[in-house]
Structure formats: C-alpha cells, structure tokens
Amino acid sequence: QQAVTEANPAQVKPWKRYARTLEALDRGAEAFQVWRQVLRLDPVDPQAHGRLAELLLGQGLKALAVVHIRAVAEAGEDKGAWRRLARALTELSRTGEAVAAWRRVLEISPGEFEAHTALAGLLEADPAEALAHVRAIAEGTPKKPEAWRALGRALAALGDDAGAVEAWRRV
C-alpha cells in the first residue's frame, strides 16, 4: 500500500486505503498520520475527519476530536453526526456550542427526544427557553409522571398556574 501512495502522492484514494490497512493492523499512530495526509490533500474529506475523530477519541482526546466531529457534522444534514457533536460539546461543558448543535439536531429532526432532553437541561437557568423542550419531553413520554411534574414546575416558575395545575393532573 505504501508503494502505491508513493507512486501517486496527490491521489486521495490510495492514501485512504493505506490508512484503513494500517488501522486494520492496529497501527493507529501511523494511520493517524496517513489520515492527516488525506486532509492535506482534501481538507473537507468527511471520512478522514471521521477516522481522525475516532482515533483521537480512542486516546481520550475528546477536545481535539471535536474539530473533526464538527467537520463531519457541518458536511451535511446527518442527524447522527450533529447529535454526536452535541454530545461531545455537552460533555466538554461548551454549553453555548452544545445548545447550537442540539438545536441543529432539532432542525433536522424536530421530534428528537434526546435533543429536547439535553436542551431542557442545558437551558434550565432560563425557564422560558427551556419550556418548549420540557413540554416536548412530557408529551413524548405521557406515562412518565416525572416529566409532567417537571412541566408543572416549569410552568409555575413562569407564572402559568393554570398550566401547571393541568400538567400536575397528568401525574
């Protein structure tokens, strides 16, 4: 594989094959360098960004992996990629960025329960902002009393006593 890359140094495909081969042989450090070479040839290659993210995560380097996770997410409309970015940003306590990524998940998939749950937690300091997400959780899990209690508390905090009572009746 290495000879093929040396014979065609400006072509991306041989470098990708070489990187995958190195990964299959458990030669992650070398594969990492080869995937970086792929990005030098094609800076927006989503596969290279994805593999680099995986290799960095495997080493526990989540903050460095976020750059590559973000590149994959921004390359398209893949809900899973945006969810992965949002999770990583949340875990890194990068709240503003995490909120933006979770909102992007909801733009792609408005009923995404995990996004509503995450946003309800991230926005709890602003009950008015969090309310729509708390409501979506309660409506998405109608048999869970705690979701309705949370909605009742959120509505009460906003001064909507009638709405709070109605939510608490659902418990």
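Contacts along the sequence come first. Take the contacts in this protein between residues at least 6 apart in sequence: 27% of them join residues at least 24 apart. This is a predicted model, so please keep that in mind throughout.

Next, the fold. The protein has 11 helices and zero strands. Its pattern along the sequence is α-α-α-α-α-α-α-α-α-α-α.

Now the overall shape. The C-alpha trace spans about 75 × 25 × 25 Å along its principal axes. The radius of gyration is 22 Å, whereas a compact globule of 171 residues would have one near 16 Å. As for burial, 39% of the 171 residues count as buried.

Let us look at one helix, H3, which covers residues 28–41. Its 14 residues, at 1.5 Å a residue, should span 20 Å, and the end C-alpha atoms are 20 Å apart, so the two values agree. Which residues of H3 are buried? They are Ala 31, Phe 32, Val 34, Trp 35, Gln 37, Val 38 and Leu 39. An α-helix has 3.6 residues a turn, so residues three or four places apart point the same way. The buried residues of H3 pack against helix H2 (12–24), helix H4 (46–58) and helix H5 (62–74).

Last, the largest pocket. About 270 Å³ of space lies in it. Helices H8 (113–122), H9 (127–140) and H10 (145–157) each give two or more residues to its lining, and H9 gives the most, with six. The lining has 15 residues, and those nearest the pocket centre are Ala 120, Val 134, Ala 150, Arg 153 and Ala 154. By class, the lining comes to 11 nonpolar, two polar and two charged residues.

Definitions and conventions: Residues are numbered from 1 along each chain as its sequence is written. This is a predicted model: local features need pLDDT of at least 70, side-chain atom pairs count only at pLDDT 80 or more; totals for chains, interfaces and linings use all residues. Side-chain values use heavy atoms; hydrogens and water are left out. On a 1 Å grid over the protein atoms alone, a cavity is a set of points where a 1.4 Å probe fits but cannot get out, and a pocket is an open set with protein on both sides within 12 Å along at least five of seven lines; lining residues have an atom within 4 Å of a point. Grid points are joined across faces, edges and corners, and a volume is the space filled by probe spheres set on the points. Helices (H or I, at least four residues) and strands (E, at least two) are DSSP runs, numbered from the N terminus. Ala, Val, Leu, Ile, Met, Phe, Trp, Tyr, Cys and Pro count as nonpolar, Asp, Glu, Lys and Arg as charged, and the others, Gly among them, as polar. The expected span of a helix is 1.5 Å times one less than its number of residues. Buried means under 20% relative accessible area, exposed over 50%, partly exposed in between (1.4 Å probe, protein chains only). Contact means heavy atoms within 4.5 Å. The radius of gyration is taken over C-alpha atoms; the globule rule is 2.2 Å times the number of residues to the power 0.38.
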